[in-house]
Every structure is written in C-alpha cells, then in structure tokens.
Amino acid sequence: MYSRRSAQVVFLSTMLSLKDKDSPIVRKLLDAGCCARCVLRFCCVGKCSSYQLSSEDINRELLAFLSEADGEQSHGAAEQTQTEDPPCKKLKLDSAPVGQDGSSEASAAHTEPKVQSEICVACLGVLQDFCDLSYTKQVCEVVRKADYKFGSLVLAVSLPAQLSVREHSCWLHIKKEVKEKSMCLDKEDVVQVKDAFKWAIQGMVGKELGTPVLTNSLFEVSVGFTHPETEADCHFLATTCSDCFKPTKNKASVFTRMAVVKALEKISDAKFLRHYPCPPVRPASKCTPLDTTCLHASVFIAGRYNKFSRELPQTPWVIDGERRMEGSVEELIADPLLSSFRADGFNFSSSGREDVDVRTLGNGRPFAMELLNPHRAKFNGAEVRQLQEVINASSEKIRVRDLQIVTRDAMGRMKEGEEEKTKSYSALIWTKKAITNSDLDFIANIKELKIDQKTPLRVLHRRPLAVRQRVIHSMSASYLDTHHFRLQLHTQAGTYIKEFVHGDFGRTKPNLCALMESEVDILELDVEVRFTELPETGVREFRI
C-alpha cells in the first residue's frame, strides 16, 4: 500500500529532482563537507530551478529528503518484521555491535548528517556565498556604470583551476556508492560549477537589468573568482602528468583549467589518491570575487575613401619613434566613429595603400574598420549616413562614401586575391631629354610587359629583400610639353610605379628610363579606383 510517508519522499525528491537511490550519495557528500548546491551537482540534477532556490531552502529540502528516506526504510523494515517470527534475543545482541556511546552501529549508520555552514570543499564557496541577490546587485551595478547599450547579455564565469581537482576528489569519494547502486552515472554527468552558478544567478541578473541572459550574445558580462589558499592543489599533477603542462607566453601559470582537466583525464584513480586527499580538505577561506568586466563584440564598418592631399599618410607616419606628419587617413575616419560608437579602439584595414604623396581618386579605395568594445553598437541607415557626413565635414583632405556596417568576414574578403587585382594610375612624368609628341607613340603599343622588381630601397627597412615579377598590362601617354607628359598605366596589383618609372638604380628591369633611353622621373602620382557591382549578390567587387 502506498503510504503517506512515501508520498512525502516523492514530493521532496521532485522539488530537487532527486531519486530515492540518491540518498546515500547525498548523505556522503554532506558528511564530506559539500554545500547543498554541490550535492545537487554530484547527483546530476540538471533542473535549473533547483539551483535557484536559496541555500537555506536547498539545505532544508535535502535534510527532509534524507529524513523521509530513512523513515521509509525503517517503516518498510518494521512491516517486514511483523510478518516474520521474532528473532532470537541472543542473536540480536550478537549481530548488533554496540558503540562506545551505547548505541548500536546499525542505528548510527542513519544518524542525520550535519548541514555544512562552513566553506564547501568542492566549490570553495562559489555556490554558497555568491548566488544570492546581494552579489547579483554588485555585478549589475558595475554593468550599469559601464553604460553599454545592449538588448541581451551572456554571463561568462572564470573559476580557479583547482576546483577541477577538488571535484575529481569528490567524485572518487562517491564513486563506490554509484557502482553499488548500479547507477548509470559517469563523471561527465556531474553538473559543472560554472553551469550551476549561471543557473542560480542569471535569472536575478536578467531581472535586475531588465534584459534576457542568453547562452549567446554580443554583450558579455564576466565574473571570476580566485582562491590563493588552495592554488597548490594542482601542483602534484605537474609531477605525475608533466606533459600536460607547457609554459606559454600569454599565461601567467601553467596550471590552466584545460591543462588540469587533461591531466585528470590521464591520471589513474590509484595514483590520484596517493597524492591528494579524498574527500578534499576543508579550506579556511572562501573564494574572492574578481572585478566584474563588460565586453561588447567588435563592430565592423566599411566604405570607400578618396584622398586629395599629397601630404597625408594613410596611417600615422612614425619613424624611429618620431611622428613625421600630423594626421592620417585612418585617424580622420576613426575619430568620429570612435566617438559615436564609444569604442575603446580600432583596427584599420584597406585594399592596398597609397604613398603619402599619392592621391586616391575615382570611386575611392575600399576600407574596413574594426571598432573594439563599442558601448553602442546599433545604428540605423540614417544614422550611418549622418556619420559619413560628419567625417566628410571634418576635413577637406579626404572624403568617405558608401559607409555601412558589415560582418567580420567582409574584412577578410577585402584582402582576398590582392595579387590578381589590377590597378590604374595616372602619373606626371619629367624627362631630361626634350621630347616631341611622336616620341611617345611607342608607349601605347606596349602590352603585358613583364618586369622584375627588387624590393625598392625606400621600403627595404620594412619589407624583405626579394625580386617580384609584375605585369604592366597597358600604357598610354599624353604629351604636355618638351619635358613633361601624362602617363596612364594599367598594372598588376603590387607594382611599384615610381620604381618602374625611374628604375631605382637598376633594381627594376625593364623600366621607363630604359624604354625611352633617357633619364625620367615621376613628379606626381594618382591612383584611380573603380568598382563594379554584382547584381546577383549586391556585393561590390572593387578594382583599383
């Protein structure tokens, strides 16, 4: 017959998603010094709402669960006794050894465990003292002060690596019980501290900030914990599994969580137990929370720019630590964007680059900019057009067009196939020898001229020494006077035009000097930018 006591056990186990066979594990973990939420973790409770209860409520329910489970066992034993002949009194005395306090060992086996108010041996207090509204409010206050604009967030948690060691020790502590009860559980089924913490706190965070907490979001709020007292917990693994710990430049310690987890997967149970206590030793202090930080994913904005000045570098011009010119193309574009997006910094990229004294005309050179950690990320089309107008009004040296927010992939695609691209140039040429209009006729007949260019002297300090073969696809010349003409070139991308004209002391062969049998030099150079639009995709293919 289904008793009232059985119904109570079922009700309590349903609230915490526990099963009757979990009771020995619950008792053993509580006796070992685990907190209530860690007990749920090791019982593989995957119900988020169970972790959202207060620590006091979970403790109370666990004790009630154990009490009812013990009562059910006693009630079942009593019913069985009533149907059997009374055992011999002498046999009972012989079979039930008496403890020092006079109680039998049989009754001592079911003494009520003591709920741990001290620091948890498994999570070091993370799931005890930092899953409440007080800590939640501290985190949310930091987020509010950071003044980001966001519609959702993801909660990131950083935990001390030694928690993995302590979790492994606790798992070995209950492993025998799991096997004896024929429970289909494995260590991989244990809920991670990080997940339990998120389940416990993310609802309160979302309510405080008025925004959903998701598993994936462009805005990340990071919390972390440290526990210097137990940092040495991991050290024995460096001796037993030395190949798992490799020094890296970017890590302050070799004992990263991934390295520790890898070592724990490799070490045998017997070897682990020889070096580390099971269950773990209770700590004297709880974890210390690290500063809460906020980070928004980068925003990528792209467009095209024209450069009209011959005294403006594309990027800041710094030589030997000294800045040579004020301003740059990237700074003129970036300053208004940084201000509007309230970003911490930027990375500038473009499809090629022009020299400081070269103008960029035509439809403009494609560029893209990564805005780092923007505090505001969403702009509509009208707002982006307004940003473009602000940039253009800030200086007469440049002009931006087709400004738009793009994806990260757009920056990579802009660099693809640069060697296969072609570029068009217009150059003002001076000749030492007097020329006539007819002296330039041969230039138009030159097609697909292959040239070899050794790294120019002017860029040798920042480019490796090499000989690069390039192609001059076509040229044409417009006579100006006896010592000047305008040269139009259509070339393979990456061709050094200045060096093709004057020869760079013979480092470019053939060159225009050799072709004209006269000393020539370049006075002005403009790059002409063109693009075509692919109607089937709406993507612009740029040609420079």
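Guide: The expected span of a helix is 1.5 Å times one less than its number of residues. Helices (H or I, at least four residues) and strands (E, at least two) are DSSP runs, numbered from the N terminus. This is a predicted model, in which local features need pLDDT of at least 70, side-chain atom pairs count only at pLDDT 80 or more, and totals for chains, interfaces and linings use all residues. Residues are numbered from 1 along each chain as its sequence is written, and side-chain values use heavy atoms, with hydrogens and water left out.

Visitor: How do you know that the span of helix 9 agrees with what it should be?

Guide: Helix 9 covers residues 133-146, and its 14 residues should span 20 Å at 1.5 Å a residue. Its end C-alpha atoms are 20 Å apart, so the two values agree.

Visitor: What makes the buried residues of helix 9 line one face?

Guide: Tyr135, Thr136, Val139, Cys140 and Val143 are buried in helix 9; buried means under 20% relative accessible area, exposed over 50%, and partly exposed in between (1.4 Å probe, protein chains only). Seen down the axis, the buried residues of helix 9 fall within an arc of 135 degrees, so they line one face. That arc is taken from the directions from the helix axis to the C-beta atoms. Their cover includes helix 11 (193-209) and strand 3 (219-226), where contact means heavy atoms within 4.5 Å.

Visitor: Why is helix 10 called roughly parallel to helix 13?

Guide: The axes of helix 10 (residues 162-180) and helix 13 (residues 257-266) cross at roughly 25 degrees and come within 8 Å. Angles under 35 degrees count as roughly parallel, over 145 as roughly antiparallel, 65 to 115 as roughly perpendicular and the rest as oblique, so helix 10 is roughly parallel to helix 13. Axes here are lines fitted to C-alpha atoms, for helices over the stretch in contact, and angles run from 0 to 180 degrees between N-to-C directions.

Visitor: Why is Glu311 called exposed?

Guide: Glu311 has a relative accessible area of 59%, which is over 50%, so Glu311 is exposed. Glu311 sits in the loop between strand 6 (299-307) and strand 7 (318-319). Not counting residues up to four places away in sequence, Glu311 touches Met325 and Val356.

Visitor: What makes strand 14 and strand 15 a pair?

Guide: Two strands pair if DSSP finds at least two bridges between them. Strand 14 (residues 467-481) and strand 15 have 8 bridges, in the antiparallel sense, so they pair. A hairpin of 2 residues joins strand 14 to strand 15, and Asp481 has His484 as its bridge partner.
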